[in-house]
Structures are given as C-alpha cells and as structure tokens.
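Hi,

Here is the structure I promised to pass on. Have a look first, and then read my notes below.

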Amino acid sequence: MLLPPEEARQRVDRKTHILTSVTMTGEPALRVLGLLVWALIADTPYHLYPAYGWVMFVAVFLWLVTIVFFILYLFQLHMKLHMVPWPLVLMIFNVGATVLYITAFITCSAVVDLTSLKGTRPYNQRAAASFFACLVMIAYGASAFFSFQAWRGVGSNAATSQMAGGYA
C-alpha cells in the first residue's frame, strides 16, 4: 500500500527520530562511564607515562563532545538546525568515538602492568580505568550501530525512501 508523499515522509522522519532518541538514551551511561575512566586515571600520577596522556585525551575529549550533543538534544536545538543531517553526524561521531576508545582501551590495558605494582592503589585504579574504557567502547559501538540504523532509515521501503529525498 502506497502512502501519500507527506505521510510517507513523516513515517520515515518518525522512525529516524525514534532511533536517534534510542542512540541518545544510552548517553547517560556514556557520560558516567567516560567520567569514571578519566577520573580514575587522573587520580594517579599519569603524567609520568605518555600512554596515559593519550587515554586522558580520548576520555576527556569524547566526554566533553558527548556533553555537547546531550545539551543539543536536551534543549532540542537539533530541531532548529534542520539543515544538519543529525543521524549522519551522530553516526560519524559514534564510529569515531568507538575507534578512539578502542585505541585508548588497548593502550590503557597494555601499560597497567608496566607502570605500577600489582596490588597498589594506582594499579587498581588503572585496571579499573581499563575495565570502564572497555565498557565505554562497547557503549559507543552500540550507539554507532543504532546511529547507523537511524541514518539508513530502518524499516522504510523504496517508496518511502524516494519520497524522503534519499535521506531515509
């Protein structure tokens, strides 16, 4: 059954909005877990080891950008900037964040044994930071998947994607 063009576009927009919202609902977990990663590293003498500088950069930078996206969606500023393809922007951000957190997780995990003695407080904090970096990496990966679904327009057929101008 073919729908009128306006109704088809509204359905596609509604599905994209729902998937974008699902992507953004996982964001509180990203904010808290990301905060844990950089807080645990920051409480150790990380400045003595360059590897932790990279982990801190990734954790703090992505935490701040995630906060900015949260504020954009909280105050619905993304609705006022309708010329920006938000599903595509979120997908690119989440894929990039996943890749950066993969490198941060591997870096953090690889240098825990090299930079501290087992059983000491810095060792435990760095090991916990590695664990939480893994969780953040998985969360960004899941967000990237849902962002991809929103960008692709899951559930639409050829007629609705044509009516939406190919952006479904």
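Predicted model: local features only at pLDDT ≥ 70, side-chain atom pairs only at ≥ 80, totals over all residues.

Residues are numbered from 1 along each chain as its sequence is written, and side-chain values use heavy atoms, with hydrogens and water left out.

Now the overall picture. The protein has seven helices and zero strands; helices (H or I, at least four residues) and strands (E, at least two) are DSSP runs, numbered from the N terminus. Of its 168 residues, 38% count as buried.

Back to Tyr101, which is found in helix 5 (residues 86-115). Leaving aside neighbours within four places in sequence, Tyr101 is in contact (heavy atoms within 4.5 Å) with several residues, including Gly34, Val37, Ala133, Val136 and Tyr140. Tyr140 lies 39 residues from Tyr101 along the chain, and their C-alpha atoms are separated by 8.3 Å.

Next, helix 2 and helix 6. Their axes (lines fitted to C-alpha atoms over the stretch in contact, with angles from 0 to 180 degrees between N-to-C directions) come within 8 Å and cross at roughly 155 degrees. The two helices are therefore roughly antiparallel, a label for angles over 145 degrees. Among the residues that meet here are Leu30, Gly34 and Val37 in helix 2, and Phe132, Ala133, Val136 and Tyr140 in helix 6. By class, this contact of helix 2 with helix 6 has 14 nonpolar, three polar and one charged residues (Ala, Val, Leu, Ile, Met, Phe, Trp, Tyr, Cys and Pro count as nonpolar, Asp, Glu, Lys and Arg as charged, and the others, Gly among them, as polar).

Finally, how many salt bridges are there? The count comes to one, taking a side-chain nitrogen of Lys or Arg within 4 Å of a carboxyl oxygen of Asp or Glu. The partners are Asp43 and Arg121, at 2.8 Å from N to O. They are 78 residues apart: Asp43 sits in the loop between helix 2 (27-42) and helix 3 (50-74), and Arg121 in helix 6 (residues 121-152). Asp43 is partly exposed at 40% relative accessibility, whereas Arg121 is exposed at 57%.

Cheers

Terms used: Buried < 20%, exposed > 50% of the residue type's maximum accessible area, 1.4 Å probe, protein only. Parallel < 35°, antiparallel > 145°, perpendicular 65-115°, else oblique.
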